[in-house]
Amino acid sequence: MGAAAGCAKPGASCGGAAMHCAQGRRSNSLPCPWYIFQNQNGASYRAFERPAMTNDPIYLQKNGEMAEIVLNRPEKLNALNAEVWKGIIDLFSQAGADAAIKVVILRSSAPRAFAAGADISEFPIVHATAESAGAYHDKIRHAYDAIHALNKPTIAMIRGVCFGGGCAIALNCDLRYIDPTAHFCIPPARLGIAYSLLETKRLSDLVGPSRAKEMLMGAKVIEAQEAVDIGLATRLFEADQLETGTHEFAQNLCGLSQFTIRAVKTMVEEISEGAVDETETSKRLRGEGFQGADYIEGRDAFLEKRKAKFTYS
């Protein structure tokens, strides 16, 4: 997406229900936080400095160096339609291009569901011809890739239903933080379709071949504790601690070396693609690290017994 086109309502007040300002104080008259971002195709999505009421099916809101990309079709349990798939592509691209953003949290606006999967009500239309089906699946693949390839840490914060395509977008995040209501299922066997090889690999890499087969062949529902036990989820929080715990870890990442964090993402990806020894990329990153400003700052801060102030972005 391009740069902000400016406030949708310059000089306006957002009024209505009380909101929290950046310092946590309540206000009934905050300046309007709506900024309109427009991509090269002319589609617009709102980006928020703090949460605000919106009917957009997906939107981005910023909180300091953290950004949340929010799935917002609560009446459909966030079923992923064409507009949402496109929004994922655009908003993750926007987050990647914004140097001020260091961590992205993918979440739902509703507690009942992270996402219930692809919007099957669209299937008669998107699968009407071979061409339309191909374009639809290309868009989904592009959305998965937009999440997976982001050069910043991504955390899926999951409550409730996380099925089908919802599970797939969560698997493309680096971490999956959940509460006890979370449950997972990938049910192609209930629809008579074949799951993509790439997404089957991502599932298998996390839970192992046997459990991947069990989930996909049997459309097995995985509850929260089992999800953590088998590696499908990263961490389980109590329901009232999920948001706090997620934000605390994200804030911790913001204060650490972004060079190191991004190098970790790259190294783990190299390993997942079959590397068992140093690659040209890993050698380059190790060499750059010891020459970089973050290393010099981290070393000096350690020796001077102070907190490091990293600058890599």
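Modeller: Keep in mind that the model is predicted.

Biologist: How much of the chain is buried?

Modeller: Of its 313 residues, 44% are buried. The accessible surface is about 16,100 Å², with 56% of that belonging to carbon and sulfur atoms.

Biologist: Where is leucine 150 found, and what does it touch?

Modeller: Leucine 150 is in the loop between helix 3 and strand 10 (154-158). Leaving out residues up to four places away in sequence, it touches Phe92, Ala95, Gly96, Val104 and Lys265. Take glycine 96: it is 54 residues from leucine 150 in sequence, yet their C-alpha atoms are 6.1 Å apart.

Biologist: And glutamine 258? What makes that one buried or exposed?

Modeller: Its relative accessible area is 1%, and the cut-off for buried is under 20%, so glutamine 258 is buried. Glutamine 258 is found in helix 9. Beyond its neighbours within four places in sequence, its contacts are Lys102, Leu253, Asp294 and Tyr312.

Biologist: Why is leucine 77 called partly exposed?

Modeller: Partly exposed covers the range between the buried cut-off, under 20%, and the exposed one, over 50%. Leucine 77 has 23% relative accessibility, so it counts as partly exposed. Leucine 77 is in the loop between strand 7 (66-71) and helix 1 (82-97). It also has a positive phi of about 55°, although it is not a glycine.

Biologist: Which class does lysine 305 fall into, and why?

Modeller: Exposed means over 50%, and lysine 305 has a relative accessible area of 76%, so exposed is the label. Lysine 305 is in the segment after helix 11 (293-303). Here too phi is positive, about 55°, and lysine 305 is not a glycine.

Biologist: On to the pockets. What is the volume of the largest pocket, and which residues lie nearest its centre?

Modeller: The largest pocket has a volume of about 930 Å³. Its lining has 33 residues, and His148, Asp174, Lys265, Val268 and Glu269 lie nearest the centre.

Biologist: How do you know which helix gives the most to that lining?

Modeller: Helix 9 supplies ten residues, which is the most. Other elements with at least two residues each include helix 3 (130-148), strand 12 (175-178) and helix 10 (280-289).

Biologist: What does each domain give to the lining of the largest pocket?

Modeller: At least three lining residues come from each of domain 1 (58-255) and domain 2 (258-304).

Biologist: What is that lining like by class?

Modeller: The largest pocket is lined by 17 nonpolar, five polar and eleven charged residues.

Biologist: And what is the volume of the second largest pocket?

Modeller: About 710 Å³. It is lined by 30 residues, with Ala118, Phe123, Gly165, Ile193 and Tyr195 closest to its centre.

Biologist: Which helix gives the most there, and what is the lining like by class?

Modeller: Helix 3 gives the most, with five residues. Helix 4 (165-171) and helix 5 supply at least two each. By class, the lining of the second largest pocket has 19 nonpolar, seven polar and four charged residues.

Key
Residues are numbered from 1 along each chain as its sequence is written. This is a predicted model: local features need pLDDT of at least 70, side-chain atom pairs count only at pLDDT 80 or more; totals for chains, interfaces and linings use all residues. Side-chain values use heavy atoms; hydrogens and water are left out. On a 1 Å grid over the protein atoms alone, a cavity is a set of points where a 1.4 Å probe fits but cannot get out, and a pocket is an open set with protein on both sides within 12 Å along at least five of seven lines; lining residues have an atom within 4 Å of a point. Grid points are joined across faces, edges and corners, and a volume is the space filled by probe spheres set on the points. Helices (H or I, at least four residues) and strands (E, at least two) are DSSP runs, numbered from the N terminus. Ala, Val, Leu, Ile, Met, Phe, Trp, Tyr, Cys and Pro count as nonpolar, Asp, Glu, Lys and Arg as charged, and the others, Gly among them, as polar. Domain bounds come from an automatic or database domain assignment. Buried means under 20% relative accessible area, exposed over 50%, partly exposed in between (1.4 Å probe, protein chains only). Accessible areas come from the Shrake-Rupley method with a 1.4 Å probe; for residues, only the protein chains shown count as cover. Contact means heavy atoms within 4.5 Å.
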